[in-house]
Amino acid sequence: MKPGRTWLVYTLIRVGIFAAVLGVLLLLQIPGWIAAIVAAVIALCISIIALRKPRDDASRTLHEARLNRGQARTEPATKVSEDEDVEDQAVDSAEAAPSRPTDSAQ
């Protein structure tokens, strides 16, 4: 699964658990702010216990992204793209061409 999708799925599952618990608590006539706090704590506990695999996948993608970012900083940019070659040739040919006097110089 792609890293962004892993994080999205994990986040949506956690938000869904929170919403379900909050809905149940509100149906039990618990005041809204208390229900929200209790739902957050219960959803956190459920996600720690029940969502081990998605949490591990999400943390693995974060670790890999962190490693890749560190490698990108340490590796020198040695690969030259085709666009850069074309631009270099255009600049070199412009410098080598003799300059012609223009009408505005008179």
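Select R52 to begin: R52 is exposed, at a relative accessible area of 58%. Here buried means under 20% relative accessible area, exposed over 50%, and partly exposed in between, with a 1.4 Å probe and protein chains only. The model is predicted, so local features need pLDDT of at least 70 and side-chain atom pairs count only at pLDDT 80 or more, while totals for chains, interfaces and linings use all residues. Residues are numbered from 1 along each chain as its sequence is written, and side-chain values use heavy atoms, with hydrogens and water left out.

The side chains of R52 and D56 form a salt bridge, 3.7 Å from N to O. A salt bridge is a side-chain nitrogen of Lys or Arg within 4 Å of a carboxyl oxygen of Asp or Glu. R52 and D56 are four residues apart in helix α3, which means about one helical turn lies between them. D56 is partly exposed, with 30% relative accessible area.

Next, select K53, D57 and R60. D57 and K53 meet in a salt bridge at 3.2 Å, N to O, and these two are also four residues apart in α3, about one helical turn. R60 and D57 form a salt bridge at 2.9 Å, N to O. Shared partners join K53, D57 and R60 into one network of salt bridges. K53 is exposed, at 58% relative accessibility, whereas R60 is partly exposed, at 44%. The count of salt bridges comes to three.

Stay in α3 and select T61; the helix covers residues 52-74. Is T61 buried or exposed? T61 is buried, with a relative accessible area of 12%. A polar atom of the T61 side chain lies 2.7 Å from the backbone oxygen of A58.

Move to Q29, in the loop between α1 (3-27) and α2 (32-50). Q29 is exposed, at 69% relative accessibility. Its phi is positive, about 65°, although Q29 is not a glycine. Most residues other than glycine have a negative phi.

Then select α2. This helix has 19 residues and reaches 26 Å from its first C-alpha to its last, close to the 27 Å expected at 1.5 Å a residue; the expected span is 1.5 Å times one less than the number of residues. Its buried residues are A35, A39, A43 and S47. Seen down the axis of α2, the buried residues fall within an arc of 90°, so they line one face of the helix. The arc is that of the directions from the helix axis to the C-beta atoms. Turn to the face away from the buried side to find the exposed residues W33 and I49.

Select W33, I34, I37, V38, V41, I42 and I46 together. They form a nonpolar surface patch with about 610 Å² of accessible area together. Patches are made of residues with over 30% relative accessible area and no salt bridge, like charges being joined within 9 Å and nonpolar side chains (Val, Leu, Ile, Met, Phe, Trp, Tyr) within 5 Å. Areas come from the Shrake-Rupley method with a 1.4 Å probe, and for residues only the protein chains shown count as cover. V38, one of the patch residues, is partly exposed at 34%.

Finally, show the whole chain. There are four helices and zero strands; helices (H or I, at least four residues) and strands (E, at least two) are DSSP runs, numbered from the N terminus. Of the 106 residues, 12% count as buried.

Key
Polar contact = N/O pair within 3.5 Å; in protein donor to acceptor, adjacent residues only side chain to side chain.
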